[in-house]
Structures are given as structure tokens and as C-alpha cells.
Amino acid sequence: MRDQVKKLTALGISAKCINSEQTPEENYQIINEAKQGKIKMLYIAPERQENNEWIEATRQMNLKMVVVDEAHCISVWGHDFRPAFRRIINLVKLLPTGLPVLATTATATKRVEQDVAKQIGGNITTLRGNLMRDNFKLFGVKVSSEDEKLIWLGKNLEKLPGSGILYTGTRVDTEIYSNTHKFRNRQFIIIRK
């Protein structure tokens, strides 16, 4: 969220995010700015939508659209990954009738697409593109532990062309990988599952 806010701000778009790494006072100030219409784009984590204070605040905001990124988590990964994703639909059902909801994902199967559409309900338009791109290569390497993953990457990372995405199991693992010297000069996105 912080990277997206930074990029939008650089483009002159008023954007903020609310997260647990900020103080309650900072988050409170941002909510007030949103209620006053000073923020064009406001990012929140799925867990935030279960907070009664947040739900009340959204009733005082002049929302134009709600966007759910990584919407496949509503269906497939939500139960194990972050249960709050599964409950986003509760928030969607509280929204005023006719308020646009955009659910985006790059990894939904047909079954997931149908499940998300069924949960959101109403008048839905689905746009589906091709996942495969000329500049996108996907492969997996089976390892039995985070240590084995780090060893494999240490031996092979310099042989891999281009940028990449690495999934880790915990925030601590994410920090370990991002602080490893072999990653510092490469364009890798490290994501916590």
C-alpha cells in the first residue's frame, strides 16, 4: 500500500493508507481527511473493514467506488491466508445500492471467478484477459524448508534473468530475504503468503 500511495502522490493524486504500522493518531487523522473529502484514494487492509469505528467512518465518507485487490482471496485463499478477505463481502453488502465495486485479480480460475461473482451479487460485468504474456515466465521450485529455499536462491539467483516475485511464509522470512545481499541489487518483489 505504501508503494502505491507514494507513486500516486508523485503523480499529484491525493492518496493515503491506513495500516497497523502507523500510530492510531495518524490513522485517525487520515480517516478525518477522508471524511472531509481531501483524499482521492484511500487504501486499507481487509482486516480494517471489520472495525466498527471504520464502518461508521465510511458512512460519513463520500465514497465513489470500492476496489478489492487480490479478489481471488475472497474465494480460494481467504480462509487460510487472511480470513478477513472472506468477510469483505459483508462490507460490500453494507454499501449503498449502486455504488460501484471493482474486484481485481490476475490469478482467478473460472471457478473462483464464478464464486466471487456469486458472493458479490447484483449486476456484474466480468473482464478476463490472458494471463500469459511474452515478458512473463512462471516456474516453481519445490523445496522442503525456508532454509532450503534460501540455499537454492543463493546458488541460482544470479543465473535467473529479469525481475521476479518470491513468496515467503512469514514477515520475518520476508525481512531475511530482503536483507540478503544477493537480493539487494535485483528487482524482486518478496511477498508474505
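Glutamate 21 is partly exposed, with a relative accessible area of 46%, where buried stands for under 20% relative accessible area, exposed for over 50% and partly exposed for what lies in between (1.4 Å probe, protein chains only). The structure is a predicted model, in which local features need pLDDT of at least 70 and side-chain atom pairs count only at pLDDT 80 or more, while totals for chains, interfaces and linings use all residues. Residues are numbered from 1 along each chain as its sequence is written, and side-chain values use heavy atoms, with hydrogens and water left out.

A salt bridge is taken as a side-chain nitrogen of Lys or Arg within 4 Å of a carboxyl oxygen of Asp or Glu, and by this rule the count comes to 5 salt bridges. In one of them glutamate 21 pairs with arginine 2, the closest N and O atoms being 2.5 Å apart. This pair links distant parts of the chain, 19 residues apart, with arginine 2 in helix 1 (residues 2-10) and glutamate 21 in the loop between strand 1 (15-18) and helix 2 (24-35); helices (H or I, at least four residues) and strands (E, at least two) are DSSP runs, numbered from the N terminus. A salt bridge also joins the side chains of arginine 59 and glutamate 56 (3.3 Å, N to O), and these two residues are separated by about one helical turn because they stand 3 residues apart in helix 3 (residues 52-59). Arginine 59 is exposed, with a relative accessible area of 56%, whereas glutamate 56, at 38% relative accessibility, counts as partly exposed.

Glutamate 113 forms a salt bridge with arginine 128, with 2.7 Å between the closest N and O atoms. Since glutamate 113 lies in helix 7 and arginine 128 in the loop between helix 7 and helix 8 (146-156), the pair ties together parts that are 15 residues apart in sequence. Glutamate 113 is buried, with a relative accessible area of 15%, while arginine 128 is partly exposed at 47%. Lys110, Glu113 and Arg128 are linked in a network of salt bridges.

Within helix 7 (residues 110-120), the buried residues include Val112, Glu113, Val116 and Gln119. These residues lie on the same side of helix 7 because they cover an arc of only 135° around the axis, the arc being that of the directions from the helix axis to the C-beta atoms. Arg111, Gln114 and Lys118, on the other side of helix 7, are exposed. Just after helix 7, glycine 121 takes a positive phi of about 70°.

Val112 and Val116 also belong to the largest nonpolar core, which has 11 residues, among them Val68, Phe85 and Ile88; such a core is a set of buried Ala, Val, Leu, Ile, Met, Phe, Trp, Tyr and Cys residues joined through side-chain atoms within 4.5 Å. Helix 4 (72-77), helix 6 and helix 7 each supply at least two residues of this core, and the largest share, 3 residues, comes from helix 6. Apart from it lies another core of 8 residues, including Ile30, Ala34, Trp54 and Met61.

The lining of the second largest pocket takes its largest share, 4 residues, from helix 7. On a 1 Å grid over the protein atoms alone, a pocket is an open set of points where a 1.4 Å probe fits, with protein on both sides within 12 Å along at least five of seven lines, and lining residues have an atom within 4 Å of a point. Leu102, Ala103, Ile124, Thr125 and Thr126 lie nearest the centre of this pocket, out of 33 lining residues.
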